[in-house]
Amino acid sequence: MTQMLVKERARPPIAKGRAPAKAAPVDLPLGRILDGDCIAAMRSLPSASVDMVFADPPYNLQLGGDLNRPDGSHVDAVTDHWDQFESFAAYDKFTREWLGEARRVLKPTGSLWVIGSYHNIFRVGAILQDLGFWILNDIVWRKANPMPNFKGTRFTNAHETLIWASMGEKSRYTFNYRAMKTLNDELQMRSDWVLPICGGQERLKSGGSKVHPTQKPEALLYRVMLATTNKGDVVLDPFFGTGTTGAVAKRLGRSWIGCERETTYRAAARERIDLALPLDESALTTMQSPKAAPKVAFGTLVETGWIAPGAVLTDRKRRLSATVRADGSIVAGAESGSIHGLGAKLQGAPSCNGWTFWHIEHEGELKPIDALRQLYLLATEP
């Protein structure tokens with residue numbers, strides 16, 4: 001690989017500059033899942049040693065009993081002991097302690113991501129502000145296929161909230177703005193992300209039951225990591241669960257450290273990450289580009305696994321070919337761009353509908369990539 005991911009350090013909102021020189025390497029347990037309580041585990045890590053923390057903490061759901069569908073069947077919900085706290089004060093104390101350790105281990109140029117629901121995200125947000133973090137965005141993850149409200153007593157809970165924060169108001173941080181724009185078919189990436197919940201083959205199961213009740217989709221972590229880290233960066237997940245963060249980090253060429261006290265989750269995570277295949281070096285190169293935007297971005301098919309980075313696209317007669325990269329851009333020789341822009345450039349045409357021009361081998365047939373877009377829409381429609 002002759003070109004690595006461009007490192008963009010930003011001052012809010014999108015001021016870009018040259019990244020500071022790398023500090024001397026420190027001894028870190030890279031690629032390891034630390035056993036036990038996350039707070040104690042983080043205390044074993046050196047200060048200012050991590051580029052990003054992604055945290056999916058207990059939501060403290062305060063469920064009052066089992067949840068059943070109208071037909072009487074049981075709904076999988078978080079009833080595990082790790083999500084149970086005796087009071088809001090106890091939850092706040094726990095939150096303050098793990099956020100404090102997260103702040104200590106983050107580099108001055110690092111950033112924090114926390115995901116939660118209405119049960120906990122506002123409490124977490126207030127505490128992280130008290131600790132000196134500076135909120136850059138709140139991201140709404142709109143679930144393309146949410147679970148309905150079976151009792152009919154409230155609105156359907158169709159989203160979760162992610163907070164993205166830097167170390168302070170004037171701190172420098174990584175934001176790969178152009179990669180996000182390319183991923184979104186040349187439009188600025190918005191703060192509402194429509195992605196399906198974890199399901200199908202991605203959902204880990206044992207004996208017919210979910211291994212983890214709140215396994216996050218890899219597409220969500222893919223976008224977070226591609227946006228706010230660079231190749232070789234260290235990502236810490238204090239609530240590692242079944243290893244979504246580690247699997248995506250491996251694919252994208254990032255280093256990772258996990259903390260997880262539950263034996264079952266650790267075992268599932270190790271097996272899952274061992275099977276994850278890192279992307280080819282050339283597919284990891286992100287880029288900058290020009291224009292266009294259908295309802296489903298080409299990058300959405302890439303980050304959700306419908307089209308893999310490194311896949312080869314061709315025109316219908318196989319005269320031209322291009323390789324897909326991790327951010328949804330494509331490359332042919334020395335030229336790169338979006339599916340639309342590069343298609344036009346290679347043909348010497350003023351414009352190109354990349355969805356119908358580019359084709360891919362799928363189930364033994366050469367199909368336009370628009371066919372996969374339609375399959376994605378069918379699979380994710382409510």
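**Loops, a strand and a helix beside a pocket**

Tutor: In this predicted model, Arg-318 is placed in the loop that joins strand E14 (312-314) to strand E15 (321-324). Its phi is near 60°, a positive value in a residue other than glycine.

Glu-363 sits in the loop between strand E18 (359-362) and E19. Its relative accessible area of 68% makes Glu-363 exposed.

Strand E19 covers residues 365-368 and includes Lys-367. Is Lys-367 buried or exposed? Lys-367 is buried, because its relative accessible area is 17% and the buried class takes in values under 20%. Leaving aside residues up to four places away in sequence, Lys-367 touches Trp-358, His-359, Ile-360 and His-362. Strand E18 spans 359-362, and His-359, Ile-360 and His-362 are among the contacts of Lys-367.

Next comes helix H11 (369-380). H11 has 12 residues and reaches 17 Å from its first C-alpha to its last, close to the 16 Å expected at 1.5 Å a residue. The buried residues of H11 are Ile-369, Asp-370, Leu-372, Arg-373, Tyr-376 and Thr-380. They lie on the same side of H11 because they cover an arc of only 155° around the axis. An α-helix has 3.6 residues a turn, so residues three or four places apart point the same way.

H11 also takes part in the lining of the second largest pocket, where its three residues form the largest share. Helix H5 (218-228) and helix H8 (298-303), like H11, each supply at least two residues of that lining. The space in this pocket is about 630 Å³. Of the 25 residues that line the second largest pocket, the closest to its centre are Gly-199, Glu-202, Thr-304, Gly-305 and Trp-306.

Gly-253 lies between helix H6 (244-252) and strand E13 (255-260), and at 28% relative accessibility Gly-253 counts as partly exposed. Beyond residues up to four places away in sequence, Gly-253 touches Lys-231, Gly-232 and Leu-284. The C-alpha atoms of Gly-253 and Leu-284 are separated by 7.8 Å, with the two residues 31 residues apart along the chain.

Note on methods
Residues numbered from 1 in each chain as written. Predicted model: local features only at pLDDT ≥ 70, side-chain atom pairs only at ≥ 80, totals over all residues. Heavy atoms only, no water. 1 Å grid on protein atoms, 1.4 Å probe; cavity = no way out; pocket = protein on both sides within 12 Å on 5 of 7 lines; lining within 4 Å. Points joined across faces, edges and corners; volume = space filled by probe spheres on them. Helix = DSSP H or I, 4+ residues; strand = E, 2+ residues; numbered from the N terminus. Expected span 1.5 Å × (residues − 1). Buried < 20%, exposed > 50% of the residue type's maximum accessible area, 1.4 Å probe, protein only. Arc of directions from axis to C-beta. Contact = heavy atoms within 4.5 Å.
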